[in-house]
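Dear colleague,

I am handing over the structure below, and after it you will find notes on what was found in it. Please read the two side by side.

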Amino acid sequence: MLIWENIKLAFQALFANKMRSLLTMLGIIIGIGSVISIMTVSSSLKTSITDSFQEMGASNITVGIRQRGEEEEVRSNGMHFGALEKSASADEDDLITDEMLEELQSSFSDKIDAVAISENVGSATVEDGNTSCNISISGINADYFESSQITLLAGRKISQGDLDGKKKVIMVSDKVIDAFFDGDNASALAQGIYVNQNGVTTKYYIVGVYQYEENSNFSSESDEDITTAAYIPLTTGKEALHSDKGYSQFTVVTATSVESVSDFASEIETFFAPYYAANEDYEIATSTMESMTESMTEMISTVSIAISFIAGISLLVGGIGVMNIMLVSITERTREIGTRKALGARNSSIRLQFIIESIVLCFVGGCLGIITGFILGAIAATILGYSASAPVGAIILSVAFSMLIGMFFGYYPANKAAKMDPIEALRYE
Amino acid sequence: MKEQEQCIINLQQIRKSFFLGQPNELEILHGINLKVKKGEFVSIVGESGSGKSTLMNLIGALERPTSGTYHLENIDIGTANDKVLSDIRNQKIGFVFQTYNLIARTTSLANVELPMLYAGLPKKERTARAKELLNMMGMGDRMNHRPDELSGGQKQRTAIARAMANDPSIILADEPTGALDSETGRHIMDIFHRLHREQGKTIVLITHSRELAEETERIITLKDGAITGERRGGSYADLGKH
Ligand SMILES: Nc1ncnc2c1ncn2[C@@H]1O[C@H](COP(=O)(O)OP(=O)(O)OP(=O)(O)O)[C@@H](O)[C@H]1O
Ligand SMILES: [Mg+2]
């Protein structure tokens, strides 16, 4: 009951000296505000990454070979996993073979919708007279687009027929069409383009044009020297690479009936274990969107918490400001303290009154800081191109922390007030 | 023993000194013996600086004597701790100051509620009692005014209502009319007489006005920290006149 009265009293005192209260709270507002704005940006970033990863296929499992002993590194940073290309030391015996894939598909036929394979063939340029255009070629199987979405603008995707016939066909982005066919997607179909890879020029026929999606998050390349992906049949790609053995990685598109993607991922690892039991250098590892998102957001969290911590130091300065103003306020109200004691206030009641006043001051400052911080963070997130989302945990923590600061820095002044001699306080001029 | 019980305030050989720097010790009260009976109306007079307020603060349990014993309703003030002292101030004593000492920025009602708040009374009871007291003091239409919106007389009436909040047996008033014009002072004095007669309050009043002192039952004269005279008063005419 006394607490509630004291809270009311504290708000009265706060509003009686609006300007002074605001200036006192400024330190807290800035401290909490900067922490919250950082957390807002990071929370928005996390949400958008999670969303886009989910969009890219939450049900996909990437399976690949991994050098033994690298376990730790891969676990802590799933992003590296996908980048594991045919490393120099992995020879053909280490790769995943067609037989293994067939075996996998028949063992888990009810759980696997498709197996998407993509092998990096390398970067190349499309050339025609003075015009050239950078592409990065991937050899894919017919199921590849089950695992990653594209928007087809004209023509068709790579088909099983293309694979069987090892045809020299290619799917290119509309950027390539812009450069060579003045953006006329339809007329580009069935036309031949000359692809120069390491000085070897090969003629491919365009079967499909897909829409290039600007990767707003990470790309900073200008429009001219942009490299877009081009797709050729996997078999054709292998021929170009003079390699016929197997794959370093592939993607399993799980059936909707699979409840836990990560559980299935471990099942796949178990399935491959016997094949690689005798292999001293390599083993099979899996990675799901889930684990990739996790490690990505974890990284963002760590960074933002570290920055917030530094920003939080300004809270210390804010706290000292609060302590200072509380000392001033107590001196100003010495007679009031004396009167309260004469009316029967115990030392503890006086202490409680001023601690609560300090807590309320910091609490209001914290709330204002949260509001300004969230607004600033939301603006920053919007400018960076993410939709803003509120960092709920950080907000709750900030409220609690600002109150804790009020308690900590209010204790000394409040105790000073509590210990005042009633007579001296009453005689104070 | 009977007499002892009736004696609500009992000071024996009370000395009070203040420390002024290291070597100097200034004794203000030199062995005061004073007994006040329950229901008595006593006034203390004396020159400025004679130690009246110092004595009053001791009686009010705002501080402890340097030596001597003080019993208030048989509680030894000299050895009591902060909790006991604050409870005594809260329950047994009502202070009225020359400078009112109302809490700024809070209404008359909230000021009167304050001692009851410290006593732990629930909000409803507090408000009801505070309203009743303010009405009694003729402040019914000023309950929601803050101190800076009140006249001196109104402030002092609010202060008296506040002193009465927990229905204490003793009212200590240190020059309650000192800052008021004589007519308003008269009015305040009438209130004390009423509290004394109608509610049987024990009242100790410090005043510089010989006239007002004469109205009380006993007049104690203080000079240089010692009681030099004590005589009967009691020339207060009936309340009905005012
Ligand atoms: N805290 C203190 N420290 C030092 N000296 C004090 C203190 N309190 C009171 N005194 C001294 O004690 C003496 C008595 O003071 P007190 O206030 O009791 O006088 P008083 O009789 O109430 O005077 P007045 O009628 O002017 O109010 C004064 O000389 C004063 O200077
Ligand atoms: Mg005095």
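**Helix packing and the chain contact**

Helix H12 (residues 289-332) of chain A packs against helix H14 (residues 347-384) of chain A at an angle of about 135°, their axes lying 11 Å apart; axes here are lines fitted to C-alpha atoms, for helices over the stretch in contact, and angles run from 0 to 180 degrees between N-to-C directions. Helices (H or I, at least four residues) and strands (E, at least two) are DSSP runs, numbered from the N terminus. H12(A) and H14(A) are therefore oblique to each other, given that angles under 35 degrees count as roughly parallel, over 145 as roughly antiparallel, 65 to 115 as roughly perpendicular and the rest as oblique. On the H12(A) side, A:Val322, A:Ile325, A:Met326, A:Ser329 and A:Ile330 meet A:Phe354, A:Glu357, A:Ser358, A:Leu361 and A:Cys362 of H14(A), where contact means heavy atoms within 4.5 Å.

The model is predicted: local features need pLDDT of at least 70, side-chain atom pairs count only at pLDDT 80 or more, and totals for chains, interfaces and linings use all residues. Residues are numbered from 1 along each chain as its sequence is written, chains are lettered from A and ligands numbered from 1 in the order in which they are written, and side-chain values use heavy atoms, with hydrogens and water left out.

H12(A) also packs against helix H15 (residues 392-418) of chain A, at an angle of about 30° and with the axes 9 Å apart. The residues making this contact include A:Leu315, A:Gly319 and A:Met326 of H12(A), and A:Phe401, A:Tyr412 and A:Lys416 of H15(A).

In chain B, the axes of helix H4 (residues 108-119) and helix H5 (residues 123-136) come within 9 Å and cross at roughly 125°, and H4(B) and H5(B) are therefore oblique to each other. Among the residues that meet are B:Leu109 and B:Glu113 in H4(B), and B:Arg126 and B:Leu133 in H5(B).

Between the chains, the contact takes 26 residues from chain B and 24 residues from chain A. The area buried between them is about 2300 Å², of which carbon and sulfur atoms give 57%; buried area is the accessible area (1.4 Å probe) that two parts lose on being put together, summed over both. B:Leu62, B:Arg105 and B:Tyr118 supply 28% of the area that chain B buries against chain A, more than any other three residues.

With kind regards
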